[in-house]
Amino acid sequence: MFPRFTFNITHITGALTPWCRFTVFAVFFPSDLNTMNKEARLKATINQKLTETGERERLKELLRAKLTECGWKDQMKAQCKEVIKEKGLEHVTVEDLVVEITPKGRALVPDSVKKELLQRIRAFLTQHAS
Amino acid sequence: MKMEEMPLSSPDNTKLEALMHDIYSELVEDACLGLCFEVHRAVKQGYFFLGEPDQESMKEFEIVDQPGVDIFGQVFNQWKNKECECPNCNRLIAASRFAPHLEKCLGMGRNSSRIASRRLARNNMSKSESDQEDNDDLNDNDWSYGAEKKAKKRRSDKNQNSPRRSKSLKPKNGEIGSSINSESHKYNHNTGISYESLGPEEVRSLLTMRCGVISEHTKKMCTRSQRCPQHTDEQRRAVRVFLLGPSAPALHSAELESHSFDIPDGQMSRLQWVESPNVSPSDSASSKASTNHPDSRRPKKKKTLSLNSGGGSGGLTEGSGSSAQSSLSLSSRKKKPKLSAAFISSIYDDLN
């Protein structure tokens, strides 16, 4: 997690989905930039660029496709079945699933997929980093 | 996991790498969350477990392994002996015959329209011709010009144009097809046509395509192909000469000899036949025996050779010269006509 800053958010761009409570994409006013250090600034710029060029969406789709292809999705679904059986079909909630599934999901991503994705991100960074 | 080294200064490098990993983690978490939402919705909507087979249907669709029954449990020819009621005529028809019956019953399909049009033609013709004949003549099959036949004959007419009929009739379309149809139209769909009622052009066209041999019993011409096994080439040749005159064109069947032979032989035939134009060509092969030219009793198909066999009576050197060559070429023929040279000589006996 990057360090939290308080800044005035007047425009929010990018897809704001319920689970994006960890990251907020925003357009920053010049007055706010002084309070941030270079690192954060760089990060913000990169994120902005990712969204603007549509690269983030492309990367998302690529990751999803690769994970389905390699069977990760079916594995995770089996895990979900376990959770459902544990918690009961009627009473399972999103939180239950998220809490159980996310750490396992992160761990089960195959190395090849991880490598490819990191490569693509790096390529983007070298292209757009100042 | 070892990563590639980037051509950057190390502090920037590490920063960039950290950034990279951050972005990567974000993406992976996004994917996980997406999956969770998908699963949760499927559970709540009730379709999460639909993809898996349940016990009940597993039992229902199990493979059957009993004798006399296929893997679905169905008996093989269960419907073989069943009868169905036709919705049109309300008759009980056997299952295997149901489709053709329905075709005819409803009047759809190729055959039924053909049969219907033929029946119409027959009815029209019989109506027009029934005035011409006496009642006596109706019983006399030989002399009727094509009026209503007895049921036995009608049966052979029924399948005249059906697809099951011999294929030799089919390729002959165009002039002959139409002429045959027109003739049949006039004279009922018998297996033969009465030559007396045809014009010269019709006779000519008929003879170029069909066998044309006139039957002894019914005085009708055979409408089968030129290679019909019931009649020999000799009979065909005789019929052509009889109907078209002495300068009859040569038979087209099995024409392997060069045409140079035809011209002198045509002239020869005119000389020989001029005396008696009324020779009956319908005599059977075994009717008359003759001792002329035993050495020429080889399978002969061409009229050229047959004329040459009578060279003894005609006495033309031209013909006999060509006879040697033509007999050599013809002896290698595969087909053996039923007539012997005796019949050929018998015709010449009539002249002499």
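Is B:Asp233 buried or exposed? I found that B:Asp233 counts as buried because its relative accessibility is 7%, where buried means under 20% relative accessible area, exposed over 50% and partly exposed in between, with a 1.4 Å probe and protein chains only.

I noted that this is a predicted model, in which local features need pLDDT of at least 70 and side-chain atom pairs count only at pLDDT 80 or more, while totals for chains, interfaces and linings use all residues. Residues are numbered from 1 along each chain as its sequence is written, chains are lettered from A in the order in which they are written, and side-chain values use heavy atoms, without hydrogens and water.

I then looked up the partner of B:Asp233, and found a salt bridge to B:Arg236 at 2.9 Å, N to O, the term standing for a side-chain nitrogen of Lys or Arg within 4 Å of a carboxyl oxygen of Asp or Glu. Both residues lie in helix H9 (residues 233-244) of chain B, 3 residues apart, and B:Arg236 counts as buried at 0% relative accessibility. Helices here are DSSP runs (H or I, at least four residues), strands likewise (E, at least two), numbered from the N terminus.

Next I checked a pair between chains: A:Lys81 forms a salt bridge with B:Glu52, with the closest N and O atoms 2.7 Å apart. This pair runs from helix H4 (residues 72-87) of chain A to the loop between helix H1 (10-45) and H2 of chain B. A:Lys81 is partly exposed at 23%, as is B:Glu52 at 36%.
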